[in-house]
Amino acid sequence: MNAPVQTSSLFRPAKRLSAIGVSEILKITGLAAEMKRQGQDIIILGAGEPDFDTPDPIKDAAERAMRAGATKYTALDGSPELKTAIRAKFKRDNGLDFAQDEITVSAGAKQVLFNAMMATISPGDEVIVPTPYWVTYADIVLIAGGEPVLVPCSEANGFRLSAEDLERAITPRTRWLMLNSPSNPSGAAYSQGQYRPILDVLLRHPHVWLVVDDMYEHIVYDDFRFVTPAAIEPALRERTLTVNGVSKAYAMTGWRIGYGGGPNALIRAMAVVQSQSTSCPSSIGQSAAVEALNGPQDFIRERRRSFQERRDLVVGALNGIDGITCRVPEGAFYTFASCAGLIGKKTSDGRVIDRDTAFAQYLLRTAGVAVVPGSAFGLAPYFRISYATSTAELREACRRIASASAQLK
Ligand code: PLP
């Protein structure tokens with residue numbers, strides 16, 4: 001999935017990096033950005049962040065906090081004010097009751113996940129990761145010394161994990177199942193009914209813990225009702241870590257605040273990891289996050305509407321292209337379209353599009369559109385589009401993809 005970290009006569013990376021490296025996503029978006037810098041007309045549909053800005057009340061709160069002296073280390077895994085705001089959020093949005101010492105705050109949800117794996121994984125431990133997946137999941141498991149067990153989820157099953165596949169993947173060495181709904185990259189989400197059989201499997205295997213990444217909770221469409229497993233099945237609460245953050249819903253990717261709610265013993269072990277890496281999350285980011293979670297939430301609805309228009313635009317356009325099919329995602333701001341109908345075709349200069357990476361490269365080279373191949377997320381032949389960009393740009397990108405696809409013979 002990744003290009004290995006470079007070794008030279010002077011530099012020798014740690015063994016733990018041998019299986020991970022710079023992600024394919026960064027490689028293709030990096031190449032596209034370089035082409036753009038050189039003056040080429042490139043549309044990059046790779047962004048993993050909203051194109052909206054952080055709302056002003058949140059910025060104002062950060063400024064006030066800074067002026068009032070919130071510029072020092074805070075409590076190790078989150079200030080009391082932010083933990084209180086997170087508990088209120090879990091209660092309000094998810095019906096989950098957490099005590100103050102069951103909450104952790106880190107420099108992004110990514111660090112929450114990192115701390116959880118570093119705190120619990122020993123060599124040989126397995127973590128089940130359904131694919132297509134956010135590559136970070138597997139890489140964090142590898143850094144922690146564990147083994148990611150990738151379980152493919154077919155498009156026919158809505159890119160969701162089936163209970164049978166989960167049951168088959170569980171071994172005595174399984175420590176965690178990692179779920180993400182709505183998903184990056186597929187946009188697929190689990191309803192309460194779709195979660196149920198999976199949670200039933202977990203109930204039968206008490207040694208398996210569950211980590212759920214709810215990062216895109218607020219970006220869901222139509223009449224989809226977001227739910228989180230700990231709220232559906234209270235019996236799993238004592239072995240579930242519910243992860244969330246302010247990055248996507250509040251357009252705060254740069255502020256680096258993510259959080260989790262889970263059993264106190266786990267939360268304490270995660271704090272030990274954090275104590276020797278970042279000490280605490282940014283004090284100013286935490287003050288901003290308090291305002292995000294406690295302040296007005298109505299702009300989330302407006303932004304959701306705007307994302308839904310873009311989703312409909314992209315899905316409609318892609319499904320109009322011969323050789324491409326695109327499932328309608330329930331949430332997030334990604335489409336994950338199949339390019340199976342174009343595999344085996346030839347470009348005008350005789351190159352065969354033999355896999356999705358070749359298709360992505362072809363689109364970049366000939367249409368000036370950067371998408372990420374599905375194989376970068378563990379499922380081929382697909383490509384991911386992030387539609388967190390203007391409708392004008394999305395329309396033009398889809399027009400170019402249609403024209404480039406039509407030229408394949
Ligand atoms: N979880 C998922 C599924 C994501 O796609 C991302 C970012 O792309 C994150 C977590 C990262 O969140 P944070 O910015 O809080 O680290």
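The domain bounds come from an automatic or database domain assignment. This is a predicted model, in which local features need pLDDT of at least 70 and side-chain atom pairs count only at pLDDT 80 or more, while totals for chains, interfaces and linings use all residues. Residues are numbered from 1 along each chain as its sequence is written, and side-chain values use heavy atoms, with hydrogens and water left out.

A pocket here is an open set of points on a 1 Å grid over the protein atoms alone, with protein on both sides within 12 Å along at least five of seven lines, whereas a cavity is a set where a 1.4 Å probe fits but cannot get out; lining residues have an atom within 4 Å of a point. Points are joined across faces, edges and corners, and a volume is the space filled by probe spheres set on them.

Next show β2 (21-23), α1 (24-37), α4 (109-120) and α5 (136-143), each of which supplies at least two lining residues; α5 has the largest share, with four. Helices (H or I, at least four residues) and strands (E, at least two) are DSSP runs, numbered from the N terminus.

Then move to the second largest pocket, of about 280 Å³, by selecting E217, V220, F224, F226 and R304, which lie nearest its centre. Helix α11 (residues 298-319) gives the most to this lining, with four residues, and the lining draws at least three residues from each of domain 1 and domain 2.

R304 also belongs to the lining of the second largest cavity, along with others including P50, F52, H218, K248 and F307. About 60 Å³ of space lies in this cavity, and its lining, too, draws at least three residues from each of domain 1 and domain 2.

Finish at the largest cavity, with a volume of about 150 Å³, where P130, P132, N180, S183 and Y190 are the closest to the centre among 18 lining residues. Show β5 (126-131) and β7 (174-180) here, the elements that give two or more residues to this lining.
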